[in-house]
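Me: I have a two-chain model open and want to go through it piece by piece. Can you take my questions as they come?

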Amino acid sequence: MNTSKTDISSTPATQYAGPWRTAWRDVRRNKVAVGSLVVLFIIIAACLAAPWYADHVMHLDAFSSNINGTYLVNGVPKPVLETSTSGLGLGVNPIGPTWDPANFFLGADNQGRDVMSRLLYGGRNSLMIGFVSAVICCVLAGLVGVVAGYFGGGLDAVLSRGLDVLWAFPVYLLAICLSVVLINATLDIGPITLTSGSIILPILIIGVIYVPYVARPIRGQTMSLREREFVQASVGAGATDARLLRREILPNVLPTLIVFLPLMTAINMLTESALSFLSIGVQPPDASWGTVINDGVGLLYTRPMVAIAPGVMLAITAVALNLFGDGIRDALDPKARLRGAV
Amino acid sequence: MPAVAQCSDVGNDSVPMHRASSISVAHIPRACQVHVVTIESLRPADWTPMKLHRLAAMSMAATLALGLTACSSGGSTTPTDSASASTAPTATAGYQAEHAGGTVTLLAKGAGGTLDPKVNYTLQYWQLFQATYDGLTGFKKVNGEDSFTVVPDLAESIPEATNGGKTYVFPLRKGIKFSDGTDVTVDDVVASFQRIFKVSSPTAGGFYAGIVGADLCLTTPATCTLDGGVVADKTANTVTINLIAPDPEFLYKLSVPHAAINPKSAPVTDAGNAPIPTTGPYMFKSYDPNTSLVMVRNPNFTEWSTDAQPKGYPDEIDYKFGLTVEASVTAVENGQANWLYDPPPADRLAEIGTKYAPQVHVEPLTAYWYAPMNVNIPPFNNLQARQAVNWAVDRNSIVQLLGGPKLAAPVCTLLPPGFPGHVDDCQYTNPAGTTWQGPDLAKAKQLVLDSGTAGQSVAIVVTDDEVNKAVGEYMQSVLNSIGYKATVKAISNNIQFTYIQNSNNKVQISVTQWYQDYPAASDFLNVLLGCASFTPGSDSSINMSGYCDKTIQAQMDDALTTEQTSMDDANVKWAAIDKALMTASPQAPLITPQLVNFLSAGTGNYQFSKQFYMLVDQLWVK
């Protein structure tokens, strides 16, 4: 017996670092996930540097109209918005990309503002709205899903029907309806007042509308966990509901929520951009990638870069988030490991 | 002159002139009344001034200046001549039969609503009504300034007003038939005037409330008889119209489509998509607002007056709906259509202005863009705050947003350049001058500080089309720069114009447009800022500023009275009123726009009536 115990304690079991560290190790071994993370890091860092870029590189306020502004070409000032001089002289075109980081790198929009600065500022808002709303969504979904799945009965019925109702609306239609109603109004929630145009409104709207998409699988997983042996053992040992939820259910549900987080961030960013494109998300003069795309719609023929640049950034970020999310899923999902996914 | 896209449509929605049908009649802003000085008490509660606003349309393409601006307040950017550049042939002497025939194809993003000439209040269809319907009088259908002239149409002549200016006896022409073959009689004329009220025409309370008996018609439209107001004499073949008080602008009001003569058998409700028989050279063959409107020659039309109703050239006029504006521009470029109603998108202007310059016509409009400020709520219940906005806004920046100095010009007055009563004057420009020079931000900031309104929140309400949103964002930037916390509310074209009129919505400042109905100063000053034009809580309160100054109102009433004896003397008074209003600053006038008409290659005989815009039935396609 002693020999047997000695053998067990001295074998690979001592090298097991725990599920989280193991998962992180697996993520690091996933080159696609690491590459996506690097891309995300670069994008986030660039967006965080937006104020520095606007103040110290472009030397131009990204939020004020600059319609009669000028820029220098070989020391000669030229108008940022140039009136057509050919033909009948109709139309005014903002400067296009100069590819000079200090001089309208991506050109100007119809207010004469630097597109690069607004792209970076817009990225801050898009990423922030996407991430925060994803956190809100996952927290709410986790709460609703776990409570409904664990307690079942009437409470489950009520919560599930609520999710059904929310799910019955096409998500974009629901988001548009809520935005149209709320975005231009001041919203009083107890002691909290959200003024019109507040960035918190799109965060809350987007965070709420996707709750059913996450809560449903969480509820199912909780129902499954509730019947597992280790949970039944705890029940038999006299554990309270609170302890069961805290010590047995939540730790097992958490990896799923973590997997959802980057995926929902990408989805929420796209939703935010759609709302902002429709002028019911981030409000001017603030920027998001959706508002910058909207700014570029009227310039598609003459200055397509205004719309293309944020579109490309949005696509790259969404793809990176999805690939990173896949990596996390593979790392946190034991079945995936057994399948040799990592 | 009632013209085109303009004026007062309170209550209408968005698009160019505005659909009266969509307006609820519940108030009678005095706007229209303006013209009927002594009948305020008669103003029906349902009168809705026409809006002027053709936003979307003019928004992008519109703009400033030329011809009119030569004498305008437009500073350095004021153009001096029309930019029309067509090389297409133009009729110079009489009807040229060799160009008759063919089909003219017109394009628009959407239809213009009801076909009923007494209800429709859109520029889009008023343009077509010129070739289809006639009133007792009409605006001369010619190119240029002469198009403001009122000429006899179904009436043989324009009578002198008698009975102290209150009675007109119109002799009706004989031998004119409706397109269904029935004769036009004096009974049709009486029925047509009754029908104005029975269908609740949007200008019933504004333009026609001064007719004797109109008060009862406005109260109970279904039983309207206009007893004693419009009287037919079958023997003499005359129609007598009696007014409650002299109205020097009455002939203008008789010349707009709402006063068109329809058969007495016409329905007493909005005819909607069902065409009413016409008297003009064309009639409506079919209409589906989702796809197309087809006009063909009226087989019973015989030209009776070249000035009032000239014979048309094309055999058929097809108006197709549904294409995007971008696609419409491409279709005209490719010769698949002859003209598009909507203004070309901003990013296509340079292209059509260079590659297709000979096919482009840029026309000055008697209209302006302005920012009404609500004088009854903070911060613009403070005179200094309002003046600060006028000092701060750089009109040249807005000109740029509308497509440059060839498409818009800055204005400093409420009456557009070239309009009766306009005098160059600019109270808010730096350096000082009689035309726009530049803003004075320092003075604006100081005024905001002095007013004690600095730091207050201000919401700017604009429509959600590209150009208006851009103007709103610019205004937001300006207001932020002088000390306010500004936000932009961009709402649908369909509701913005009525939304900003209703004082219950507590709109502080907005951006909108006004186009003349007819060439009289009262159509701007009294309509937009008269006391009777402000109806609290109404969607039909065209005085969006809620401005009512008893002293200035008395001056306007006096000017209206003066119009009965001398328009020149009256215009001097209107100019003084304009100046006084600018001092009070209930609005910030911004720019006066120009209209871009883009025709396909080979489309000839382009003629632009300043009153009703391009004469579509005079185009040549052969």
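Me: What should I know about the numbering and the kind of model before we start?
Reply: This is a predicted model, in which local features need pLDDT of at least 70, side-chain atom pairs count only at pLDDT 80 or more, and totals for chains, interfaces and linings use all residues. Residues are numbered from 1 along each chain as its sequence is written, while chains are lettered from A and ligands numbered from 1 in the order in which they are written.

Me: OK. How many residues of chain B are in contact with chain A?
Reply: 35 residues of chain B are in contact with 29 residues of chain A. Two residues count as in contact if their C-beta atoms, placed from the backbone, lie within 7 Å.

Me: Which elements of chain B give two or more residues to that side?
Reply: They are α9 (346–354), β11 (360–364), α11 (395–401), α13 (466–481) and β15 (485–491) of chain B. Helices (H or I, at least four residues) and strands (E, at least two) are DSSP runs, numbered from the N terminus.

Me: And what is that side made of, by class?
Reply: The side of chain B that touches chain A has 16 nonpolar, 11 polar and eight charged residues. Ala, Val, Leu, Ile, Met, Phe, Trp, Tyr, Cys and Pro count as nonpolar, Asp, Glu, Lys and Arg as charged, and the others, Gly among them, as polar.

Me: Step back to chain B as a whole. How many helices and strands?
Reply: Chain B has 17 helices and 20 strands. Of its 622 residues, 65% count as buried. Buried is 20 or more other C-beta atoms within 10 Å of a residue's own, exposed is 12 or fewer, and partly exposed is in between, with C-beta atoms placed from the backbone.

Me: Sheets next. What is the strand order in the three-stranded one?
Reply: That open sheet of chain B has the order β4-β6-β5, with antiparallel pairing. β4 and β5 of chain B stand at the edges, each with a single partner strand, so one side of each is left without a neighbour in the sheet. Strands count as paired if DSSP finds at least two bridges between them.

Me: How many bridges join those strands?
Reply: Five bridges join β4 (residues 167–171) to β6 (residues 238–242) of chain B, and B:Thr167 has B:Asn242 as its bridge partner. Four bridges join β5 (residues 230–233) of chain B to β6(B), where B:Val230 has B:Ile241 as its partner.

Me: What happens in the hairpin of β5(B) and β6(B)?
Reply: Four residues lie between the two strands, and B:Asn237 takes a positive phi near 55°.

Me: Changing topic: which residues of α16(B) are buried?
Reply: B:Ile552, B:Met556, B:Ala559, B:Leu560 and B:Glu563. They cover an arc of only 100° around the axis, which puts them on the same side of α16(B); the arc is that of the directions from the helix axis to the C-beta atoms.

Me: What covers them, and what is on the other face?
Reply: The cover includes α15 (525–529) and α17 (567–584) of chain B. The face turned away from the buried side of α16(B) carries the exposed residues B:Lys550, B:Thr551 and B:Ala554.

Me: Last one. Where are the cis peptide bonds?
Reply: One joins A:Pro284 and A:Pro285, with omega about 5°; A:Pro285 is in the loop between α11 (241–277) and α12 (289–297) of chain A. Another joins B:Asn430 and B:Pro431, with omega about 0°, and B:Pro431 lies in the loop between β13 (408–410) and α12 (441–451) of chain B.
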